[in-house]
Amino acid sequence: MKTRLKKLESQVMVITGATSGVGLIVARKAAARGTKLVLASRSDEALHRLAEELREGGTEVITVATDVGDLEAVKALAQAAIERFGGFDTWVNNAGVTVYGRHGDVPIEDQRKLFDTNYWGVVHGSLVAASHLRERGGAIINMGSEASDAALPLQSAYAASKHAVKGFTDSLRLELEQERAPISVTLIKPAALDTPFVSHAKNYLDVEPKLPPPIYDPELAAEAILYAAEHPRRDMFVGGASKAMSSMAYHAPGLYDRVMRRFLGRAQRTGHPAGPRENNALHQACNELVDRGGQRHVVRACPYSASTRHPVMTGAMVVGASLALAAALGKRRHRLR
């Protein structure tokens, strides 16, 4: 069954993790395009301020303080959307957090809490959304990562959770397709983004952590999410670096391991002593509305990310590049004879 998705101006969209980073940018951009919004995060205070901001621009919005690791809370979020708007068309599972530290230094309880948010939050949201959308039709959009396809040193629990998100999302998509359910299921896989990701992380390193370059504008990820809300897509990489990491990890795993072993551990460490460990968003909500992390060097345009919205053009580019490479190799072999 071909899935048909509504235009954003005709949609009701549920967004988790809506008061920070990509979720906050998606909420503001969707509001500007006329989408009715159901916004969720753990901070009722931040949600209230965001709702007031969006209502001033004429957006119809409700907020529900929600810990996505709690299935009953996620069910209540969906019910609030049904009671206020009669249902929803797109559900964005965006809430997420990380922990920095070597695998033996991060307590199991912190790893479990990370999985409650990053993995079980996606599972809870997807199952609740699929139950509603089977008859209505719509989109489920899950936030993965470049770490969905490739390992990261110093963030083993995070990488494991994003691998799990990918496995669950891909399996859910297959089962819904078998049912011929009119639901699009998309996995978004961004590279490092200039969000409060690092400042919200719990840190077990002896120095402050940082994002490895290149670091991309989170608007690129927000635009990918909004595109997937209108156009069925299996998955979407955000940032050429994410696609490159995925390809290298799949096609040249040994080379990937050597490169990551040599560079990525160092690239995630600053020279500044670690701050107070309790300053993190793993176990408690952050009340501020912050969409960016304040990085100095940010990639604001990515031709690869733009091309993924035009699969025919992308395919033509890939075929053209492949033919050009084949021709070049053929000429080289001819000269060597």
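A residue is called buried when its relative accessible area is under 20%, exposed when it is over 50%, and partly exposed in between (1.4 Å probe, protein chains only). This is a predicted model, in which local features need pLDDT of at least 70 and side-chain atom pairs count only at pLDDT 80 or more, while totals for chains, interfaces and linings use all residues. Residues are numbered from 1 along each chain as its sequence is written, and side-chain values use heavy atoms, leaving out hydrogens and water.

**Aromatic pairs**

- Rings of Phe, Tyr and Trp (its six-membered ring) pair if their centres lie within 6.5 Å; planes under 30 degrees apart are stacked, over 60 edge-to-face, and the rest tilted.
- The whole structure holds 5 aromatic pairs.
- Phe88 and Trp91 form an edge-to-face pair, because their centres are 5.2 Å apart and their planes stand at 65 degrees.
- Phe88 and Trp91 are both buried.
- Tyr119 and Phe168 are also edge-to-face, with centres 6.4 Å apart and planes at 85 degrees.

**Where Tyr119 and Phe168 sit**

- Tyr119 lies in the loop between helix H4 (108-118) and helix H5 (120-136), and Phe168 in helix H6 (residues 156-179), so their pair ties together parts 49 residues apart in sequence.
- Helices are DSSP runs (H or I, at least four residues), numbered from the N terminus.
- Tyr119 is buried at 17% relative accessibility, and Phe168 is buried at 16%.
- Ring pairs join Phe115, Tyr119, Trp120 and Phe168 into a cluster.

**Ser246**

- Ser246 belongs to helix H9 (residues 240-251) and is buried, at 12% relative accessibility.
- Beyond neighbours within four places in sequence, Ser246 is in contact (heavy atoms within 4.5 Å) with Asp149 and Phe237.

Key. Helix = DSSP H or I, 4+ residues; strand = E, 2+ residues; numbered from the N terminus.
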